[in-house]
Amino acid sequence: MSEFPTTARVVIIGGGVVGVSSLYHLAKAGWTDCVLLEKNELTAGSTWHAAGNCPSFSTSWAVMNMQRYSLGLYAVLGAEVDYPMNYHVTGSVRLAHGRERMMEFERARSMGNYQGLNLEMMDLNDIKERYPFIETHDLAGGLWDPDDGDIDPAQLTQALAKGARDMGARIERFCPATGISRDGSEWIVHTAKGDIRCEKVVNAAGYYAQRVGEWFKPYGGRTVPMTVMSHQYFLTEEISELADWSRENGRKVPLLRDVDSSYYLRQDKNGLNLGPYERNCKAHWVTPQDPMPEDFSFQLYPDDLERLEWYIEDAMARVPMLGTAGVGRVINGPIPYAPDGLPLLGPMPGVPNAYEACVFTFGITQGGGAGKVLAEWITEGQTEWDMWSVDPRRYTEYADQDYTNQKALETYGHEYAMHFPHHTWPAGRDKKLSPLHSRLRDAGAQFGSYNGWERANWFAKEGDDTSEEATQTWDRNGPWAVRVQEECEAVRDHCGVLAISGFTRLKVAGTGARDFIDGLTASALPPPGRIGLIYFADDRGRIVTEMSVMVHGPDEVGLITAAVAQWHDAEWLQRHAPDGITVTDHTEAAECLLVTGPASRDILAPLTDHDLSAKWLSISATGKVAGRDCTLIRVSFAGELGWEIHCAPQDAPAIWDAVTQAGAKPFGMYALNSLRIEKGYRAWKGDLSTDYTLLQGGLDRFVKLDKPADFPGKAALLNERQQGVAKRFVTMTVEAGDQDAPYMSTVWHNGAVVGETTSGDWGYRIGTSVALGMMRADLAEAGTEVEIDIFGKRCRAVVQPDAPLWDPKNERLRA
């Protein structure tokens with residue numbers, strides 16, 4: 001037995017499938033001086049009792065990428081590392097009870113086909129042919145996933161472990177980590193067997209991740225947003241009818257998912273495995289009366305089948321042979337849930353050289369891809385795919401334990417729920433309220449949560465249907481549509497006012513702060529007294545983020561960015577900042593009102609002593625509106641004449657009252673999205689993601705390749721410009737039906753896939769559906785006719801000139 005390692009490049013805490021996969025992928029990347037610590041035996045946490053299902057299905061582009069990679073890896077892993085694995089690729093049938101579910105399936109099919117997955121839509125005859133034991137009389141159809149199946153979680157983990165060890169990585173079993181400390185730029189991980197000094201550390205502790213996360217609080221960390229849920233499934237005794245069928249056909253029946261009823265049903269040997277996600281679900285270890293034990297390795301909760309009674313009866317009606325066998329074994333084990341049910345995978349917020357690979361609800365099917373992504377974060381500082389949907393920094397301080405518990409219960413109980421574009425989930429709300437909240441509510445605001453801030457999505461009038469049920473549709477025209485149109489028309493014809501609470505506000509200060517930002521961005525900085533958009537790229541020239549910048553002097557720069565980008569963008573700046581440069585957050589120090597429309601100058605003039613004749617993109621830092629101190633910035637994301645009023649939060653109500661009484665109409669985020677898309681303005685992590693370079697994103701006019709500073713991505717962008725840009729950003733008008741193009745809808749031309757949409761909405765000023773997207777460069781010419789797959793319908797679309805659809809010369813903005 002070799003001596004206990006006292007140094008390593010990376011220490012991974014946790015020996016479930018995700019932690020071991022991370023070790024395997026680090027070793028595969030050449031980082032073999034890595035150590036994994038497991039308090040018990042490998043798989044002792046959630047991995048050992050996992051059902052082991054392996055779907056590729058997702059409506060998240062990033063998650064589908066991750067799962068697709070996993071299934072490809074699992075198909076060859078056993079042979080690659082010489083370890084036997086039980087991996088059954090049976091295919092799966094997903095059932096749809098109605099139109100909306102079939103539309104969701106069409107969307108997933110299109111995304112999957114783009115990624116190389118052979119998802120297929122099914123009619124009732126197809127379902128019966130694939131799964132002869134099913135009742136189909138009340139179904140609308142289904143989705144066939146030929147790559148779905150199940151794998152033995154323990155064998156998978158051991159195979160990854162063998163591969164990691166064979167490449168030189170270390171695994172220390174029965175070696176619990178007991179804490180961490182910091183020595184200069186290095187971490188020291190404390191264990192019962194001794195300390196390990198390392199460069200980087202990974203929290204892959206599964207349902208113990210929150211406890212491990214507390215160790216990092218003295219170094220800038222936060223409480224890990226997670227709740228441990230009880231997931232229960234049971235295995236039947238042998239079913240002779242099923243055994244006979246399998247023997248005659250030489251295979252298992254496909255995995256069945258009745259997503260509208262909320263369960264999966266899988267053949268396990270010659271019996272069935274039923275796993276519901278019940279609405280009346282249960283969280284564990286969330287009260288002082290139910291504390292988390294020090295060690296729950298290889299343990300389960302007591303059976304609680306009564307909770308599943310409705311689901312069992314529903315499944316027996318769907319597949320009657322389920323009712324012919326008794327229950328053989330019940331598994332009721334802990335599964336960690338983040339508020340949205342997606343894992344935490346990436347840089348640990350606020351902590352240098354620390355990462356999270358935890359809170360995996362579907363760790364088996366995501367484990368392979370998760371290890372790949374984490375290894376890229378650690379070894380390269382960036383990932384192949386944009387992984388924002390699982391990035392730990394997507395949750396900021398609003399995600400306290402109360403919020404997390406509420407959302408985990410809601411998400412588990414709606415595990416298979418459809419995520420409609422105008423639906424907002426009710427749990428965990430009102431975490432951040434601006435001083436304007438009561439005024440917005442009284443004006444009829446229907447709210448949405450943006451980084452925890454409650455903003456108005458639209459304003460309802462008396463008699464409008466504001467029920468949650470009304471929003472559960474993919475269609476454009478719900479009760480909100482006529483109000484959104486009125487709001488857009490008010491901004492177009494007169495004046496609107498929008499409260500944009502929670503803009504991220506960062507101050508970069510210290511000797512040479514301006515030069516630091518200038519050397520980090522690909523863009524040119526505006527002179528003092530002006531505001532401008534600047535873009536940041538990674539080493540590959542891909543889009544990291546967009547910020548508005550104001551240079552206050554050589555040693556101070558102000559930045560404004562998206563609310564949800566708060567921790568992401570602050571971390572990007574801090575990671576690159578040299579000694580002496582500080583990055584501080586002032587988000588809660590100011591409120592913002594956008595007053596915009598052709599009458600906005602007339603409405604503001606009697607209320608302010610600011611100079612309203614100042615040019616577009618100018619800043620008026622001193623003055624008052626309605627007698628309250630504020631800064632006026634002449635910008636408008638709506639694409640009309642307008643000003644952002646930045647003021648102290650306590651002064652916002654008086655300013656709101658003054659501008660609304662003067663005739664400005666309140667409008668919401670739905671209207672703003674329609675207005676911005678007509679202007680071709682990009683949205684962060686939709687149109688602006690690391691799946692694209694700055695040049696692909698059509699941001700050429702913001703990229704200054706001739707600036708002296710050697711900014712990140714400059715060499716890659718120079719090379720891309722020389723070699724030719726493969727894809728180009730385009731604006732398209734779409735002959736859409738009742739729905740607009742969702743994110744990542746496939747674009748076709750002459751029977752070939754040539755691109756994808758990045759956002760879509762109805763343009764109320766121009767009277768047509770609009771899609772922004774990326775397209776093969778040779779087709780990104782005005783007039784090119786393409787088709788966009790919108791929920792299974794190929795809709796004609798036309799590429800438009802490289803200019804805004806509304807006010808293409810920006811004459812209204814500059815008025």
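Predicted model: local features only at pLDDT ≥ 70, side-chain atom pairs only at ≥ 80, totals over all residues.
Biologist: How many aromatic pairs does the structure hold?

Modeller: The structure holds 27 aromatic pairs.

Biologist: Why is the pair of F296 and Y301 called tilted?

Modeller: The ring centres of F296 and Y301 are 5.4 Å apart, and a pair needs centres within 6.5 Å. Their planes stand at 35°. Stacked needs under 30 degrees, edge-to-face over 60, and the rest count as tilted. So F296 and Y301 form a tilted pair.

Biologist: Are F296 and Y301 buried or exposed?

Modeller: F296 is buried, and Y301 is buried too.

Biologist: Which residues do ring pairs link into a cluster?

Modeller: The cluster consists of Y264, Y277, Y337, F362, Y412 and Y416.

Biologist: What makes R182 a charge over the ring of W187?

Modeller: R182 lies over the face of W187, 4.3 Å from the ring centre. The distance limit is 6 Å, and the charge must also be within 35 degrees of the ring normal.

Biologist: Why is α3 called roughly perpendicular to α10?

Modeller: Helix α3 (residues 61–81) and helix α10 (residues 363–380) pack at about 95°, with axes 7 Å apart. Angles of 65 to 115 degrees count as roughly perpendicular. Therefore α3 is roughly perpendicular to α10.

Biologist: Which residues meet there?

Modeller: From α3 they include V63, M66, Y69 and L73; from α10 they include I364, G367, A370 and K372. By class, the contact of α3 with α10 has 8 nonpolar, 7 polar and 1 charged residues.

Biologist: How do you know that A537 is buried?

Modeller: A537 has 0% relative accessibility. Buried means under 20%, so A537 counts as buried. A537 is found in strand β24 (residues 532–537). Beyond its sequence neighbours up to four places away, A537 touches R542, V544, W572, L694 and P712.

Biologist: What makes V544 buried?

Modeller: V544 has 6% relative accessibility. The limit is under 20%, so V544 counts as buried. V544 is in strand β25 (residues 543–553). Leaving out residues up to four places away in sequence, its contacts include F536, A537, H568, W572 and W684.

Biologist: How many residues apart in sequence are V544 and D691, and how far apart in space?

Modeller: They are 147 residues apart in sequence and 9.6 Å apart in space, C-alpha to C-alpha. For A537 and T660, the values are 123 residues and 40 Å.

Notes. Residues numbered from 1 in each chain as written. Heavy atoms only, no water. Phe/Tyr/Trp six-rings, centres within 6.5 Å; stacked < 30°, edge-to-face > 60°. Buried < 20%, exposed > 50% of the residue type's maximum accessible area, 1.4 Å probe, protein only. Axes fitted to C-alpha atoms, helices over the stretch in contact; angles between N-to-C directions. Helix = DSSP H or I, 4+ residues; strand = E, 2+ residues; numbered from the N terminus. Parallel < 35°, antiparallel > 145°, perpendicular 65-115°, else oblique. Contact = heavy atoms within 4.5 Å. Nonpolar A, V, L, I, M, F, W, Y, C, P; charged D, E, K, R; others polar.
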